[in-house]
Amino acid sequence: MDKINRDKDNWRRKLFLYNACIIGAFVIVYLFIGDNDKLFFWLPIIIILFIFSFALNVGMHKEIHKKRMIENALKQSEALYRGVINNAAAGIALLNQDGHYHYVNATLCQMTGFSQEELKRLTFFDSIVPEDRQESIIHCREVWEGKDAWKKCEKQFRCKDGQSLWAEINLSTVCDSGDNVIHLIMIVLDITVRKKLEKELLYQATTDFLTGIDNRLAFMQKAQEEFSRSERYKRNFTMLLIDIDKFKSVNDQYGHLVGDRVLKEVVKAFKLVLREMDVLARIGGEEFAVIPVESDLMMAQTVAERIQQKVLDVVVEMENTEKIQVSVSIGIAEKKELDLGVDDIFKRADDALYEAKNTGRNRIVVGNELVEDIGVCNGNP
C-alpha cells in the first residue's frame with residue numbers, strides 16, 4: 001500500500017513538471033520567436049494555464065499530505081494495537097476454521113513457552129492435553145457455525161517444558177464486512193494458581209489432617225456415589241464402621257502425641273488390607289469407616305477379619321521400651337431392598353458396632369449377629 005501511494009505521488013509530481021515545461025515553452029516561443037500581436041492573445045491563456053497548474057499542484061500536495069497523515073495515523077494506531085495486544089495480561093490468538101493458529105500474541109507465547117512460529121505450526125487442539133481435545137473441537141465448531149455466540153471453558157495447555165497450564169478460555173468470532181466468519185478469537189487467562197488453590201482447599205475440606213485419609217464429609221459423598229452406582233447397576237454395597245477399643249485410655253496414659261502415632265499406625269494397617277478402589281475415612285476421633293467397593297456380605301466379613309488381625313499386629317514402641325497394642329471392634333451392614341439411602345445402612349452398621357463394643361470388644365458384628373470373637377488383645381483390652 002505504501003508503494004502504491006509513493007508511485008501515485010511521483011506520477012503527480014511528474015505531471016506538474018510536464019505542465020510547467022509546456023507552459024514555459026509557450027512563453028519562450030512567443031517572447032522570442034512569435035508574433036507580438038499574438039502574444040497578447042496567448043499570454044492570458046498561458047497565465048491561466050499556469051495558475052491552473054499551480055492550483056492543481058497545491059491541491060495534489062494537500063491531498064498527498066493528507067494521505068500521509070492518515071497513513072502515519074494508521075501506522076501509529078496499528079503500532080498501538082499491536083503493543084496493547086502483545087503486552088496484554090491475557091493470551092490472545094486468532095484461529096482458523098481447522099483450529100490452526102493464524103495469530104498469537106507475545107503473552108500466549110510466554111504462557112506456553114512456544115514461539116509464535118512454533119505455535120503457528122500447531123493447532124489449538126494440539127496445544128492442549130489429550131483429554132480436553134474432543135470437547136474443544138466441539139466448542140470451536142459450535143461457535144464457528146453460530147450455534148453459540150461465545151464459549152467459556154477451562155482447559156489445560158501443554159507447555160514446551162512438559163508442564164501443564166490451567167487456562168480459562170473465551171471463544172468468539174471475527175467476521176468480515178459481509179458478516180462471514182473468518183477467524184475465531186481466543187482469549188486465554190492463566191488460572192493455574194487458582195486451580196492449585198482450589199485443589200488445596202478441597203483437600204483440606206475433605207481430608208483428615210492427621211492420617212491423610214478422607215474425613216467424614218468426603219466419606220458421605222463417596223458413600224452416596226457408591227450407593228447410587230449400586231442402585232443403577234444392581235451391585236453389592238456393604239459398609240464397615242470400625243472403632244479402636246479403649247483408645248481414650250491410650251491418650252490418658254501416654255498422651256495425645258502417642259495417641260496420634262497409634263492412629264497413624266492403625267491406618268497403615270487398614271491400607272495393607274484394602275484395595276486402591278476401596279473407600280477409607282476417619283469419621284471421628286478413633287472411629288473409621290470403610291466401603292469395600294462392590295463387595296457382598298461374605299467378602300466384607302473377610303475384609304473385616306483381615307483388618308482386625310492386621311491391627312492386632314501393630315506394635316507402637318515407647319522410648320522406655322514399653323509397647324502399645326490395640327484392637328478394633330467392627331460393625332458391618334449391607335444394602336437391603338428397602339433401604340432409601342446411605343443413612344439407613346450407616347445406622348445398621350453403627351448399631352452393629354455398638355453391639356460389638358458392648359459385648360466384649362475386639363469383635364465383628366453384622367446387624368444383631370455375632371460373627372467373630374477373637375478375644376481380648378494384650379495390654380489394652
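**Close-up views of a predicted model**

**View 1. Strand β6, covered on both faces.** Both sides of β6 are covered: Thr238, Leu240, Ile242 and Ile244 are buried on one face, and Met239, Leu241 and Asp243 are buried on the other. "Buried" here means under 20% relative accessible area, while exposed means over 50% and partly exposed is in between, with a 1.4 Å probe and protein chains only. Seven of the seven residues of β6 (residues 238–244) are buried, so this strand is largely enclosed by the rest of the structure. Helices (H or I, at least four residues) and strands (E, at least two) are DSSP runs, numbered from the N terminus. A quick word on what you're looking at: this is a predicted model, where local features need pLDDT of at least 70 and side-chain atom pairs count only at pLDDT 80 or more, while totals for chains, interfaces and linings use all residues. Residues are numbered from 1 along each chain as its sequence is written, and side-chain values use heavy atoms, leaving out hydrogens and water.

**View 2. The partners of β6.** Which strands does β6 pair with? Strand β11 (residues 328–334) runs antiparallel to β6, joined by seven bridges. Strand β8 (residues 287–291) is also antiparallel to β6, this time with four bridges. Two strands count as paired if DSSP finds at least two bridges between them. Look for methionine 239 opposite alanine 333 in β11, and for leucine 240 with its bridge partner valine 290 in β8. As a reminder, strands of a sheet pair through backbone hydrogen bonds, either parallel or antiparallel.

View 3. Phenylalanine 346 sits in helix α11 (residues 342–358). Is phenylalanine 346 buried or exposed? Its relative accessibility is 13%, so phenylalanine 346 counts as buried. Leaving aside neighbours within four places in sequence, phenylalanine 346 is in contact with Arg216, Phe219, Met239, Leu241 and Ile283; contact means heavy atoms within 4.5 Å. Met239 and Leu241 are also two of the buried residues of β6. Along the chain, phenylalanine 346 and methionine 239 are 107 residues apart, yet their C-alpha atoms are separated by 7.2 Å.

**View 4. An open sheet of five strands.** Follow the strands across this sheet and you get the order β2-β1-β5-β4-β3, with antiparallel pairing. At the edges are β2 (101–104) and β3 (151–158), each pairing on one side only. From one strand to the next, the twist averages 30 degrees. Zoom in on β1 (residues 91–95) and you'll find three bridges to β2, in the antiparallel sense. In this pair, leucine 94 stands opposite tyrosine 103 of β2.

View 5. The elements giving two or more residues are β4 and α6, and the largest share, four residues, comes from α6. On a 1 Å grid over the protein atoms alone, a pocket is an open set of points with protein on both sides within 12 Å along at least five of seven lines, a cavity is a set where a 1.4 Å probe fits but cannot get out, and lining residues have an atom within 4 Å of a point. Grid points are joined across faces, edges and corners, and a volume is the space filled by probe spheres set on the points.

View 6. The largest pocket has a volume of about 280 Å³. Among its 13 lining residues, Arg275, Glu276, Asp278, Val279 and Leu280 are the closest to its centre. Helix α7 supplies the largest share of this lining, three residues.

Conventions. Axes are lines fitted to C-alpha atoms, for helices over the stretch in contact, and angles run from 0 to 180 degrees between N-to-C directions.
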